[in-house]
Structure formats: C-alpha cells, structure tokens
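These are my notebook entries on one protein chain. I looked up a few points in turn and wrote down what I found.

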Amino acid sequence: VLPTVAIVGRPNVGKSSLLNALARRTISIVEDMPGVTRDRISTPLRVTDTAGVDRYIELVDTGGYGFIDSDDLTEHIKQQIEQAMALAQLVLFVVDCDAGLTAGDTEIATLLRSKGIKTVLLANKADSVKSDVSLGDFARLGLGTPLGISATNKRNIDELDALIARN
Ligand code: GDP
Ligand code: MG
C-alpha cells in the first residue's frame, strides 16, 4: 500500500487540474462548473526529492460526490476532510489566489488544524510571479505562507513534486 496524499479545497480552486499537472497527464476531469468531480479519483505517482531519490505515493483528488451547490459548501468540505483524514499521510490544501481568502478556506483550515493533519498550503492560479503579492493574505489560515503554484502554467509543479517527496 502506497502512502496517500490527498488534495483538498473548495470547488473550482483547481484540485483536478493540480492532480493532472503532477501526474503530467489527464486523469481527473477539469470543468468551469464547481463540483464536477463526482468520484474520488486517484493515481499512483512517482515523486523525486532534490537529492534525486524517488518515492511512490497514491495521489487522491477528493472532489466529493454528486453535484455540489456552491451555496452549501459545508457538507462537501466536511466530507472531503473526513476522506482526507481517513486516507492521507499528507494533505495538499489548495486555495485560489484569484478568488482570495474565503470563508470556506477558513473553515477547511480550521478542520485540518484541529485534526493535526500534516498539511501543505498551496495557492493555485498564481500563473506568474505577479500573483505572488497576494500570497501573504493566506497566512491568516494559520498554515504558513502558501507556495504559489499554477496547474495551468506548471509553475512550481516540480518544486511541489520535490516537496511531496520530502514529506
Ligand atoms: P476543482 O473543482 O478544484 O477540481 O477545479 P478544476 O481543476 O476543475 O479547475 C477549475 C477551474 O479553474 C477550471 O476552469 C480550470 O481551468 C481553472 N484553473 C485550474 N488551475 C488553474 C491555474 O493554475 N490557473 C488558472 N488561471 N486557472 C486554473
Ligand atoms: Mg475537481
């Protein structure tokens, strides 16, 4: 059984895009509509640390089940965290630096911190260095300053790969 790394976050922050970027191929469906990931998607993944040492993990996209009404995040969020807790040695908590910090982000952060789950905070849609000015805001989640990444532009994806391997 491989160690499990779960991707958690509000709908539409880019969780499925991140899974595909790390896997370097299309595994999970990306949609403009929130809540499109109907089943839990996972893939085995080789990650390589900065010393060149390979490790194998199971990467899980915890999209939730069924269509998620964007006004009713709470059950969805709780379900994701429960799944992540049950499965994961490490959680990749994705926020959206275009959207900025939201109440849903705070709720997820509170749950993760209360359960003491090992968490890496990632600000996706940081498509260029210009986006990194907004990262400081997310420090309010109490999980450190996020790593700015772009699933679309593959920005900092290799760095994240090494970071996963190290954890
Ligand atoms: P999920 O609901 O969290 O799985 O999010 P998706 O991966 O389905 O992506 C939601 C939307 O965000 C889609 O329209 C993606 O094209 C877009 N998106 C995902 N990653 C990025 C990114 O790095 N930069 C930008 N600009 N858009 C992104
Ligand atoms: Mg998805």
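Which residue follows H3, and is its phi positive or negative? I looked up the end of the helix: Gly116 follows H3, and the phi of Gly116 is positive, near 65°.

**Entry 1: conventions and confidence**

I note that the model is predicted, that local features need pLDDT of at least 70, that side-chain atom pairs count only at pLDDT 80 or more, and that totals for chains, interfaces and linings use all residues. Residues are numbered from 1 along each chain as its sequence is written, while chains are lettered from A and ligands numbered from 1 in the order in which they are written.

I checked the confidence next. The pLDDT (the predictor's confidence in each residue, from 0 to 100) averages 85 over the protein chain, and 83% of the residues score at least 70. Over residues 64–69 the pLDDT is below 50. Beyond near neighbours in sequence, this stretch has 12 contacts in the model, two residues being in contact if their C-beta atoms, placed from the backbone, lie within 7 Å. Among the elements, helix H2 (residues 73–87) has the lowest mean pLDDT, 71, and strand E6 (residues 147–148) has the highest, 98. For the model I also recorded an ipTM of 0.99 and a pTM of 0.90.

**Entry 2: the overall plan**

I counted 4 helices and 6 strands in the protein chain. Helices (H or I, at least four residues) and strands (E, at least two) are DSSP runs, numbered from the N terminus. Along the sequence I read the pattern β-α-β-β-α-β-α-β-β-α. Of the contacts in the chain with a separation of 6 or more, 67% are between residues 24 or more positions apart.

I then looked up burial. A residue is buried if 20 or more other C-beta atoms lie within 10 Å of its own, exposed if 12 or fewer, and partly exposed in between, with C-beta atoms placed from the backbone. Buried residues make up 39% of the 167 residues in the protein chain.

Which strands pair with E1? I found E3, in the parallel sense over 4 bridges, and E4, also parallel, with 4 bridges. Two strands pair if DSSP finds at least two bridges between them. Ile7 has Asp61 as its bridge partner in E3 and stands opposite Leu92 in E4. Ala6 has Val91 as its partner in E4. Strand E1 is largely enclosed by the rest of the structure, because 4 of its 5 residues are buried.

I followed E4 (residues 90–96) further. Here 5 of the 7 residues are buried. E4 pairs with strand E5 (residues 119–124) in the parallel sense over 6 bridges, and Val94 stands opposite Leu122 in E5. From E4 the chain crosses through helix H3 (residues 103–115) to E5, a right-handed β-α-β crossover. The term right-handed applies if, with the strands pointing away from the viewer, the path from the first strand over the helix to the second runs clockwise.

Which residues of H3 are buried? I listed Asp105, Ile108, Ala109 and Leu112. Seen down the axis of H3, these buried residues fall within an arc of 100°, so they line one face of the helix; the arc is that of the directions from the helix axis to the C-beta atoms. An α-helix has 3.6 residues a turn, so residues three or four places apart point the same way. On the other side of H3, Ala103 and Ser114 are exposed.

In H1, 8 of the 9 residues are buried, including Lys15, Leu18 and Leu22. Among the elements covering the buried residues of H1 are E1, E4, E5 and helix H4 (157–166). H1 is followed by Arg24, whose phi is positive, near 60°.

**Entry 3: positive phi in two loops**

I looked up two further residues that have a positive phi although they are not glycines: Asn12, at about 80°, and Lys125, at about 70°. Asn12 lies in the loop between E1 and H1, and Lys125 in the loop between E5 and E6. Are they buried or partly exposed? Asn12 counts as partly exposed, because it has 19 C-beta neighbours inside 10 Å. Lys125 has 22 such neighbours inside 10 Å and therefore counts as buried.
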